[in-house]
Amino acid sequence: MTAMLSITNLHATVGDKPILKGLTLDVPAGEVHAIMGPNGAGKSTLGYVLTGRPGYEVTGGSATLDGQDLFALAPDERSAKGMFLSFQYPLEIPGVPALTFIRTALNAQRKARGEDEIAAPAFLKMAREKAAALKIDFEMLKRGLNVGFSGGEKKRMEIFQMAMLEPRFLILDETDSGLDIDALRIVSDGVNAMRSAERAMLVITHYQRLLDYIKPDRVHVLSGGKIVASGGPELAHQLEAEGYDKYVQVAA
Amino acid sequence: MVPMTLASAIATGDLAQLPSRRDEDWRWTDLRGLIRALPPASPQGRAWLWENPLSGQLDMTVGTVNGRGHTDLDVAAGDERFVGWRFMSATPGTSNQAELWVDVAAGAKLTLIESYEGRGAGYLTDVAVNIKIADGGSMERIIFAEDDAEGISVSTADVTLAPGASFAQTILTSGARRQRIETRVTHPGQGASVRLDGVYLLRDQRHADLTTVVTHGGLEGTTTQLTKGVVRDQARGVFQGRIVVERGADQTDARMGHHALILSDRAEVDAKPELLIFADDVQCAHGNTIGALDESAIFYARQRGMPQAVARAMLTEAFVGEVVDRIEHEGARDVARAWVSAQLGTAT
Ligand SMILES: Nc1ncnc2c1ncn2[C@@H]1O[C@H](COP(=O)(O)OP(=O)(O)OP(=O)(O)O)[C@@H](O)[C@H]1O
Ligand SMILES: [Mg+2]
């Protein structure tokens, strides 16, 4: 049986520059895989390519979610199928309160799946519960999404959106960067609460510390646009101690 | 020289009285080149009953159908009024004029909902509004301009404030074949304050011109302006904002912003913000941007599940929402918000 997310020999360019150069990776349902790698290796690019960001062009290879070709779908269709990307740099949306943004997104997804819209009271109840769990002040959800928020608050808001939208495949792009020690634990608890046999995750990070909280099943090294090494959780410790030197050479 | 105006052309039947693109202030809203013949005067109209979301709240509604002479709206000292005034053009292929004189006495407060309603195609209409606000008086004027696609419409307001008076205005327009809404304010400073805002949402081949002139003649006056526009198809938006700070009008604080979204290659926006400063120690600034929706924000919204059209509509509504939020009267603000949603097709 194919994995939940299956990427084979993926090539992609950004502004005509080849970034992904034959990346192959399988993430079975129920598993958490970590991706580590040097700056500029193509980690964020992988997240954008999988979610369909304009300007990121697939030039070869394939990616499937539950056996279905992701590249045949629009970004919002992928989202309705359960793809979620927690952005490395979340955007500010002035004039759209976080609650309005999330309710619009949730109802759009439900509509795409042929489900009924969520009723306003049920939505608010859910929002209050999830905000409390992530220690987000409910008043913040009434302000323009991410406008004027600190880097850490924006990351927390990404996880809040994820908790509300209940996606099936989660890509966390450096969700730990910018978080203080308490926030790291709160956010990790939020992510761990979503672990289940029907879900899978790709956790992109530079720091082994996150993986103490979100324990990965596999760790991969992405360098020069490819996966150049894979292993168990111990690989993260080894990278922390030794750096990427030997992998950068492999990629070159 | 008597300025050339649509009103004088209608009154005299002389096409040469129409402003043309050779007049600097009319270069983007040429009437002379557009109007080949002056249509006959509109027949006398009759007002009809009107229901809208504010009907229950308004103290009084006046309908001016197919124009008429001078009418007065006086608010006595200390009174507070909430009034609707509808200017309707109801007979196709005719021309009409109306005049409204508003007098807000000392300490009085007026909220005026003014609407321009095209109920027939191909009319010509000119509305002149004269507003005087006495010391401590305040007025909020909210204009809903819903002209016909084939209508030609000019509205000109002259606003004179006493020291200590305040005037706030929000124009919401969907344009016309050619439309100009002009506001001229004589600002005495000395505790008087002015807000002049506008929203233009234009489709097809519609045109809207929002022109403002604020002349600061006294010390310590404040003016704040925010106009936002969204143009698509082959529509054209015009913003001309002039702030004059005369000699001696020191410590004036004037801020003007105009921001437009162009959503099609064939749409156009012409903007001319002007600050003419002859005084010392003033704080004056203007910002002017014309652009498209932020593609990365659209992707962010789509990643969360919104189809392209939903994402674009949400971001467009938010862009305009900043202006609507500045409307002080709560009921009027709700109606303005609904009007924007209806125009953008985001009403649920
Ligand atoms: N629009 C663009 N045009 C050209 N090159 C780009 C563009 N966007 C990104 N790149 C390049 O693509 C490469 C991969 O970038 P990416 O953001 O995927 O790296 P990353 O692995 O996420 O790095 P980091 O750890 O710093 O987040 C970088 O060399 C970057 O400069
Ligand atoms: Mg990155």
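Let me begin with chain A, where Arg128(A) lies over the face of Phe138(A), 4.1 Å from the ring centre. A charge is taken to sit over a ring if NZ of Lys or CZ of Arg is within 6 Å of the ring centre and within 35 degrees of the ring normal. In chain B, Arg27(B) lies over the face of Trp28(B), at 4.2 Å from the ring centre.

A word on conventions. This is a predicted model, in which local features need pLDDT of at least 70 and side-chain atom pairs count only at pLDDT 80 or more, while totals for chains, interfaces and linings use all residues. Residues are numbered from 1 along each chain as its sequence is written, chains are lettered from A and ligands numbered from 1 in the order in which they are written, and side-chain values use heavy atoms, with hydrogens and water left out.

I turn to the aromatic pairs. Over all chains, the structure holds eight of them; rings of Phe, Tyr and Trp (its six-membered ring) pair if their centres lie within 6.5 Å, and planes under 30 degrees apart count as stacked, over 60 as edge-to-face and the rest as tilted. Phe87(B) and Tyr116(B) form a tilted pair, 5.8 Å centre to centre with 40° between the planes. This pair links distant parts of the chain, 29 residues apart: Phe87(B) is in strand β3 (residues 80–89) of chain B and Tyr116(B) in strand β5 (residues 109–118) of chain B. Strands are DSSP runs (E, at least two residues), as are helices (H or I, at least four), numbered from the N terminus. Phe87(B) is buried at 6% relative accessibility, and Tyr116(B) is buried at 3%; buried means under 20% relative accessible area, with a 1.4 Å probe and protein chains only.

Phe144(B) and Trp339(B) form an edge-to-face pair, 6.4 Å centre to centre with 65° between the planes. Phe144(B) belongs to strand β7 (residues 138–146) of chain B and Trp339(B) to helix α4 (residues 330–344) of chain B, so this pair ties together parts that are 195 residues apart in sequence.

Finally, the ligand. Which residues are closest to ligand 1? They are Gly40(A), Lys43(A), Ser44(A), Thr45(A) and His206(A), among 14 residues that surround ligand 1, each with a heavy atom within 4 Å of it. An oxygen atom of ligand 1 is 2.5 Å from an N or O atom in the side chain of Thr45(A), and a polar side-chain atom of His206(A) lies 2.8 Å from an oxygen atom of ligand 1. Helix α1(A) gives the most to the shell around ligand 1, with three residues.

How values were computed: A polar contact is a pair of N or O atoms within 3.5 Å; within protein, one must be able to donate a hydrogen and the other to accept it, and residues adjacent in sequence count only if both atoms are side-chain atoms. Buried means under 20% relative accessible area, exposed over 50%, partly exposed in between (1.4 Å probe, protein chains only).
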